[in-house]
Amino acid sequence: MRARDVGLASCHTCGLLLHLPASGHTHCPRCGTPMHMRKPNSLNNTWALLIAAIIAYLPANLYPVMTVISFGKSQSDTIMSGVIYLFAHGDWPLGLIVFIASVLVPLLKMLALLYLLITVQKKSHRRRLQRTRLYRVVELVGRWSMVDIFVVALLAALVNVGAVATIEPGAGAIAFSAVVILTMFAAMNFDPRLIWDYQGEDNG
Amino acid sequence: MAEPNPPGDLDSVPDAIVDEKNKGFPVVWLLPLVALLVGGWLFYKTESEKGPEITIRFRTAEGIEQGKTQVKFRDVTVGTVNKVDFTEDLKAVQLTVTMLAGTEGYLTEKSRFWVVKPRIGAGGISGLGTLFSGAYIEFEPSTEGKAAKSYIGLERPPIVTIDKEGTKFRLRADTLGSISIGAPVYFRQFDIGEITDFKLADDYSYVDIGVFVQAPYDKYVHTGTYFWNVGGITMSMGASGAKLEMESLVALLSGGVAFETLPEFLDTPLATENTVFELFDNRAKALERPITEIVTFALKFDGTVRGLNIGAPVEYRGLRIGTVKSIELGADPHNPGIDIPVVLIDIEPQRAQAYRDVDQLEPQEDATGEFEKDPLSRIAVLVKRGLRARLQTGSLITGQLFVEMDYFPDAEPAALVRSGQYPEIPTLPNSLEGIIASVNNILDRVEKADLHGTLENLNALMVSTTRLADTLEKDMPELSAELLVTLKSAHSAMATLEASTSADGEIGSELQSALKEISAAARSLRVMAEYLERHPEALIKGKNTP
């Protein structure tokens with residue numbers, strides 16, 4: 001039995017237990033915090049953010065993340081070209097890390113969110129526990145994807161030696177940070193409780 | 001279902017306050033829209049910055065990197081090499097270059113591309129900056145001609161780029177000399193241009209050399225200007241001795257040309273672009289007056305012509321009037337069947353005109369009546385007056401000979417022989433030959449002299465000398481014995497003298513006793529004087545004897 005089944009919910013802020021109508025915007029009479037059974041428009045918002053993230057993912061990988069200008073010779077690198085460079089020079093452990101952190105993880109995160117959204121929308125009953133765990137992983141991992149952007153930002157700020165070497169962030173870096181931020185918001189907006197709704201029997 | 005009982009009644013749980021429903025536009029859906037717009041704008045921006053895609057062929061892709069090498073014009077990047085590829089026949093490298101937007105109008109068939117990399121040449125070092133930045137492709141835009149998409153890159157930077165003003169000329173030379181592309185062009189030893197290219201003429205009959213003369217010096221090039229080669233070291237060994245010439249160190253390494261306009265040609269019009277000039281071997285040749293008329297004569301010499309080279313000067317009283325054309329063997333007119341050296345000389349009669357007025361000659365002596373016009377008949381007259389050719393030593397060190405022409409009124413009379421292929425000027429033996437002849441003469445006289453009588457006299461003298469020596473030899477012992485006796489007596493006389501003068505000798509002892517007596521007398525006198533001092537009365541009273 002869920003709180004929702006008896007029309008009860010507690011306020012997130014002051015913990016006051018309240019009767020909640022099935023639908024509509026409500027707020028806590030004691031502290032004024034907006035109240036809702038489930039995150040409002042969770043699916044809708046998640047979808048929107050996820051689609052935006054997917055769109056941003058393309059330029060993030062196609063455009064250079066940073067441009068190194070050294071002795072008048074500029075070299076622009078996309079994420080993948082950096083990975084390929086690292087692999088080609090035998091630094092495959094480092095290349096692997098970059099590849100996983102910057103290419104694979106955002107991709108898997110988006111795929112995971114997509115999977116969660118679709119299964120929730122189809123009111124699937126299957127593997128609810130695993131899906132919940134998947135969601136937790138997605139939310140946990142989210143913030144760490146920003147490491148790349150921090151590296152670029154740091155390098156751009158630190159390496160500025162005029163003619164000898166200058167590093168400029170590229171359009172890809174902005175797109176990439178957009179991907180990370182949008183997926184983080186998407187994961188935040190997803191309400192994992194939805195996974196557990198639509199069940200006749202609570203056997204989890 | 002293990003639901004814990006709440007502390008209070010569930011019915012006492014208050015209701016949440018229902019808000020006004022706000023069914024507006026789901027703002028969150030703007031996000032994918034914005035993402036799409038931003039992405040689309042990015043795509044549009046990069047695509048719109050891309051200009052035309054062109055291909056450039058080079059022999060090699062040295063220093064060129066795919067995706068990195070840039071195409072620059074005046075150090076501004078106008079394109080990037082996208083792809084490095086081979087041509088289908090593998091004979092060249094084909095670069096696909098994406099130019100920036102806006103360059104379309106400058107990509108015509110006249111546009112040029114070349115790779116800028118460090119180059120060390122005779123003219124200096126260029127492209128040092130590319131040591132650090134890597135090679136790049138220089139682009140020379142052009143708006144002339146039709147638009148083009150594929151180019152053949154220049155293997156070396158062009159000498160004449162659009163930012164250099166000047167005029168191009170063509171030079172013709174028999175041989176290239178030591179000229180190289182980029183070699184300097186000098187005007188009064190100012191480096192004011194460069195050799196742009198050279199190639200063989202289509203029929204291989206000459207070398208076609210392109211020169212570029214920078215503005216404003218190109219206005220010193222008239223149609224009457226002479227160009228000559230200043231490359232390398234010119235070393236000439238001729239009758240005038242050894243000569244070493246060098247314009248500059250750069251020219252020594254890379255060759256070069258120089259030009260000069262003689263004052264009399266300053267009135268000629270300015271040379272226009274691509275005017276063809278002859279390139280002379282050296283300045284002296286360039287500044288010689290143009291010779292168009294050449295008459296060939298034959299000279300037959302009885303003696304050797306060793307030391308005479310083809311090209312040796314023919315001089316008249318020290319002035320050059322021609323050149324030795326060839327040296328071969330020909331028939332001797334006096335001894336049929338025997339070959340003697342025949343020297344063909346090219347006389348340039350115009351040289352003579354430059355120094356002597358034709359009108360001063362005497363036309364009445366001319367047999368043919370074409371005195372002024374026909375140098376041949378003129379020479380015939382001169383030969384009649386004693387004009388002869390002979391070989392002279394130009395330099396005793398090198399032993400080089402030259403042909404000297406002069407008047408020898410005392411020479412045996414001879415005439416210009418006009419029967420052969422070339423008219424023949426009579427010759428005289430060379431001065432060295434003359435010396436040899438007089439030495440022979442002396443030897444002849446020596447041979448004819450009364451050597452025998454002289455020798456006999458000499459012999460008689462020798463005999464009498466011997467006789468004298470013999471006599472001397474015979475009288476020698478006698479003479480020496482007498483000499484010995486004389487010496488002995490002299491010795492004894494000396495001994496006697498010595499003995500008598502010594503202390504023990506006769507004279508010595510007498511002398512000694514005499515001296516003793518004298519000293520005794522002196523002593524007595526002193527005693528007496530002392531006694532008189534003390535007893536002066538003794539003089540009167542006498543010695544007081546006690």
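I began with A:Ala52 in this predicted model, and, leaving aside neighbours within four places in sequence, I found A:Ala52 in contact with A:Leu182, B:Leu31, B:Pro32 and B:Ala35.

I then looked up the nonpolar core around it. A:Ala52 and A:Leu182 are among the residues with the most contacts inside the largest nonpolar core, which has 42 residues, and A:Ala53, A:Ala56 and A:Val179 are listed with them. At least two residues of this core come from each of helices 1, 2, 3, 5, 6 and 7 of chain A, and helix 1 (30–49) of chain B likewise supplies at least two. I also noted a second, separate core of 27 residues, which includes B:Phe169, B:Ile179, B:Ala183 and B:Val221.

Next I turned to the sheet in chain B, where seven strands form an open sheet in the order 24-25-21-22-23-20-26, with mixed pairing. Its edge strands are strand 24 (387–393) and strand 26 (424–425), each of which pairs on one side only.

Last, I checked helix 8 of chain B (residues 451–501). At 1.5 Å a residue its 51 residues should span 75 Å, and its end C-alpha atoms are 72 Å apart, so the two values agree. Within this helix I noted a kink of about 40 degrees at B:Met476, shortly before the proline B:Pro477. I also looked up how far helix 8 of chain B is covered, and the answer is hardly, as the count of buried residues among its 51 residues is zero.

Technical notes:
Residues are numbered from 1 along each chain as its sequence is written. Chains are lettered from A and ligands numbered from 1 in the order in which they are written. This is a predicted model: local features need pLDDT of at least 70, side-chain atom pairs count only at pLDDT 80 or more; totals for chains, interfaces and linings use all residues. Helices (H or I, at least four residues) and strands (E, at least two) are DSSP runs, numbered from the N terminus. The expected span of a helix is 1.5 Å times one less than its number of residues. The bend at a residue is the angle between axes fitted to the seven residues ending there and the seven starting there. A residue is buried if 20 or more other C-beta atoms lie within 10 Å of its own, exposed if 12 or fewer, and partly exposed in between; C-beta atoms are placed from the backbone. A nonpolar core is a set of buried Ala, Val, Leu, Ile, Met, Phe, Trp, Tyr and Cys residues joined through C-beta atoms within 7 Å. Two residues are in contact if their C-beta atoms, placed from the backbone, lie within 7 Å. Two strands pair if DSSP finds at least two bridges between them.
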